[in-house]
Amino acid sequence: MELFIDTANLKEIEDASSWGYIKGVTTNPSLIAKEGLTQEEVINRIVDLIDGPISAEVTCDDNVDLMLKQAHKLYETNKKNIVIKLPINEAGLKVCHQLSKEHIPTNLTLCFSANQALLAMESGATYVSPFLGRLDDIGENSFQLIQEIVTIKRNYQYKTKIICASIRNPQHVKTSALLGADIATVPYKILLKLKQHHLTDSGLATFEKDALKTEQLSK
Ligand code: E4P
């Protein structure tokens, strides 16, 4: 399963890009608002930091013509790796269908049901993003949703990639991988936790101590 970073923070993206295993970036209007820059400024900088798909969201949610205009502008300015993020609603699905005919990559976001994911796949979405954390917050089972979407994808060999989003903890990442999602997009602080284990730390401390003893013998 590929890992993307879910942030608009340039320092976090720069650090994560040095690790080697982060293959893309997802942003959304709330993440961009935290950075005090315009979407255009943030995206222009991210394109230089990471060589992989970068999702940038169209913000005029219910007007197909305006959405298409904004999507084309976003794509034309940063053609290299830009993925147009669209909401799964009537307008978003129409825009997705049109962009897929133009071979412009799309990420259908705010997916909370298997039927929404089915519509995204049928509309030619490049990616569909089910939101795990926000479903868990309302007492629903996000892992069941992932299982259902993975099954639908396999049943009909859809090419749409499943990005598990709204990741709140390492368990979300592990289960997404076990259930066969294609990608998880993960906040920086959760990415840091993925590599941590107290037995790795204590084991390493013991090895370092013992290595010193061996070095002293050879002197
Ligand atoms: C994904 O593309 C979204 O940007 C993100 O995962 C939303 O996460 P949140 O529910 O923590 O806001």
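These are my notes from a look through this structure, which is a predicted model.

**The barrel.** I began with the strands. Eight of them form a closed barrel in the order β1-β2-β3-β4-β5-β6-β7-β8, with parallel pairing. On average, neighbouring strands in this sheet are turned by 30° against each other, direction ignored.

I then looked up β6 (residues 127-130) and β7 (residues 161-164), which pair in the parallel sense over two bridges. Which residue of β7 is the bridge partner of Tyr127? I found Lys161 there.

**Helices on the sheet.** Helix α6 (residues 114-122) touches β5 (106-111), β6 and β7, and its direction makes about 165° with that of β5. Helix α8 (residues 142-156) also packs on the sheet, touching β5, β6 and β7; its direction makes about 170° with that of β7.

**The core.** The largest nonpolar core has 61 residues, and I noted that Ile46, Ile84, Leu86, Leu108 and Val128 touch the most other members. A second, separate core has five residues, among them Phe4, Val83, Tyr127 and Ile163.

**Two helices crossing.** Last, I turned to α4 (residues 64-77) and α5 (residues 90-101), whose axes come within 9 Å and cross at roughly 50°. That angle makes α4 oblique to α5. I noted the crossing as right-handed. On the α4 side, Val64, Met67, Leu68, Ala71 and His72 meet residues of α5 including Ala91, Gly92, Val95 and Leu99.

Key:
Residues numbered from 1 in each chain as written. Predicted model: local features only at pLDDT ≥ 70, side-chain atom pairs only at ≥ 80, totals over all residues. Heavy atoms only, no water. Core = buried A, V, L, I, M, F, W, Y, C linked by side-chain atoms within 4.5 Å. Buried < 20%, exposed > 50% of the residue type's maximum accessible area, 1.4 Å probe, protein only. Pairing = 2+ DSSP bridges. Helix = DSSP H or I, 4+ residues; strand = E, 2+ residues; numbered from the N terminus. Axes fitted to C-alpha atoms, helices over the stretch in contact; angles between N-to-C directions. Contact = heavy atoms within 4.5 Å. Parallel < 35°, antiparallel > 145°, perpendicular 65-115°, else oblique. Left-handed = near helix turned anticlockwise from the far one by under 90°.
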